[in-house]
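Hi everyone, thanks for making time this morning. Please bring the structure up on your screens, and we'll walk through a few spots together.

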Amino acid sequence: MCGIYGRIGPPDEQLDLRATQSLHHRGPDGAGLWLEPLQERGLALGHARLAIVDLTDAGFQPMHSADGRYVLVFNGEIYNFLSLRTQLESQGRQFVSHCDTEVILHLYALHGDAMLPMLEGMFALALWDRREKRLLLARDATGIKPLFYRQPSPETMTFASEIKALLIDPACPRQPDLRAIAGYLGYLFVPAPATAFQGIRQLLPGHALAWQANQTRSFRFHQYRVEPKQPFVSLHDASQQLESLLKSVLAEHMMADVPVGAFLSGGIDSGLLVAMMQRLRQESGVGGQLQTLTVGFSDDVVGLDETQCAAQIAQQLGVKHEILRVDSILASDGLSHVIQQFDVPFANSTAQMLDVLCQKTRQHVTVAVTGDGGDEAFAGYPRYRATWPLIAWQYLPQILRTRLPKLLQGVSEGRDSRATVRRMRRFLTASSGPFAHTYRDWLNQAPLAEQFALLTPETLAAVSIDGQLPLDLGRTLEVLAELPASAAPLDAACYADVHSFLPDNILSQSDRMSMRHGVELRVPFADRRIIDFGLRLPTLYKSTPLAIFSSSGRHAAKRVLRDVAARYLPQAIANLPKKGFVAPMGSWLAGPLKEMVSHALRPEQLQKRGIVRPEVAQQLQAEHQSGKRDNSWRIWSLVVLETWFQQRIDRLDLPDRSAVPVKIQRGQ
């Protein structure tokens, strides 16, 4: 796990040095920089190393091929590198290291771009062909690892694992992208491929970008599908195949030359992985106890804490377990650090908790396995259950579908983000059109009309296309348009989340928070092989119409995964409803964080930014304080946005990394 950086443009060694040093937190075990002249321009490839496999200097990057033709910087882990290496050795290829980086170089020498689908793992890479003067950038199929780039002209390009490495260049304008920010205010994350900055993009998952002779071409090397469905004999047959696949994938994810631990919540995803890890360790004769960690709340007022269930699982499995606590003060104190790490506004409050968890994790292990990704392909989120009543809802007379939402207009939601009234209101007001539009509204924090009402005329003009407001401020409609019209709503929802909610939200926070503390998080459920298996499951193997009546049990969600979990975990745990890893923001914002909110939402400050209308923001705050409506996430998104403006637009607030040593290599 590492940080990568690169640039094609006028030679500037000091700029490239500073940019590489800015990624030191991602790779505290060493840094390297390759510099090569290109007529009037130069090429730079930088790397910050977190040593996980082959801790010797043989794994140092930038790494070049034995013949000197190819130079590679790579962030991630290739989990099938041992089998690929065996194949390559049978073809006469010779190795000098024991790391996966060298495998990529040999594969590319033999197969070129066609090697990308052969890589099973998480990765963002940049490979320079010195003979052809060609640069290849690529990102893994699920988007576990990030890659951002800026191309101000055909002959220049800069890329990096984090945007901060691009912002170090004084020539990079720090101008907010209003359309991206409008999307963020709806989704709570900036939908790819945009970022919050004009001119800076992120490479989409499963995509590659090739630059040669001032020509840039992007292409997709992997696409997930929901059809054709896999031909299982029964649910039991499917769960047996999933168990076998998951054990194989997890065994690969446990390979490392440093200590490996795990995050353990009270749910089935992490619980199943920890149980499997214990069994795999016993089968391979690994000694010692597996280290697991859980984070909970010091002031849990709405029943979000899962530490008790996690402790129960830990005790049964015999792991070495530690519980951490986060309160509103700790979360607010860490806000500036979290925003600084993301470089873009990001309003999922789980990031604050994950930050605390990763900081503690680094004291025990360098690698941690987590259950992220277990919901999207297997239909684990509560909103997936709503796809079943949606089918019946569509057959109701239009007059009923119009009048029913009005019955909830005067009903208070309270401040609990899990409020039943809030979910019912969202379902009733967003479920009358095509499913793609319905799901867009389910994913957003408010109906599209309410989102537009929050924005100033200047922002609305910026997001408009040919004078028309867009139907989506993210990628939900675009992604769902890839599916056949016959796709079931449940399959479509999973497909949409795998392409946006998972990489842009869940995996984004896992990468940034873990890398802030030099920890590598591994996510077996987000592995391409597991995602592909889940998406192509028969719909009824994920959930059944009985999910309408209950949020727990094997019919509610993740049926196949629960069937596997029942072989490893107590029945009560395997049948638990999805609880989620979220902070009690409703109570925090109305209580201990109230002053922070009032300061960030000052009318004069909002007027200065010019993004949202102050009077609407004030109304959101008043509704929340009174308990009339739960506006937790809309308010928090505005607080985070103001902090981002202060750190990335008003000034560039970065830690000083000038003392970090960087080994410079020069090509001729």
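Let's start with Arg85, which is buried at a relative accessible area of 14%; buried means under 20%, exposed means over 50%, and partly exposed is in between, using a 1.4 Å probe and protein chains only. Keep in mind that this is a predicted model, where local features need pLDDT of at least 70, side-chain atom pairs count only at pLDDT 80 or more, and totals for chains, interfaces and linings use all residues. Residues are numbered from 1 along each chain as its sequence is written, and side-chain values use heavy atoms, with hydrogens and water left out.

Which residue does Arg85 meet in a salt bridge? The partner is Glu89, at 3.2 Å from N to O. By salt bridge I mean a side-chain nitrogen of Lys or Arg within 4 Å of a carboxyl oxygen of Asp or Glu. Glu89 and Arg85 are 4 residues apart in helix 2, so about one helical turn separates them. Helices here are DSSP runs of H or I with at least four residues, strands are runs of E with at least two, and both are numbered from the N terminus. Glu89 is partly exposed, with a relative accessible area of 40%.

Now look across to His98, in the loop between helix 2 (81–90) and helix 3 (100–111). Is His98 buried or exposed? It is exposed, at 57% relative accessible area. Setting aside neighbours within four places in sequence, His98 is in contact with Val53, Asp54, Phe81 and our friend Arg85, where contact means heavy atoms within 4.5 Å.

Back to salt bridges: the whole structure has 41 of them. One of them joins Arg666 and Glu13, whose closest N and O atoms are 3.0 Å apart. Arg666 is in strand 18 (residues 663–666) and Glu13 is in helix 1 (residues 13–21), so this pair ties together parts 653 residues apart in sequence. Arg666 is partly exposed at 48% relative accessibility, and Glu13 is partly exposed at 31%.

Another salt bridge brings Arg512 and Asp511 together, at 3.1 Å from N to O. Both of these residues are buried. They also belong to a network of salt bridges that links Arg26, Lys145, Glu162, Lys164, Asp343, Asp511, Arg512 and Arg648.

One last stop: Ile399, in helix 14 (residues 398–403). At 47% relative accessibility, Ile399 is partly exposed.
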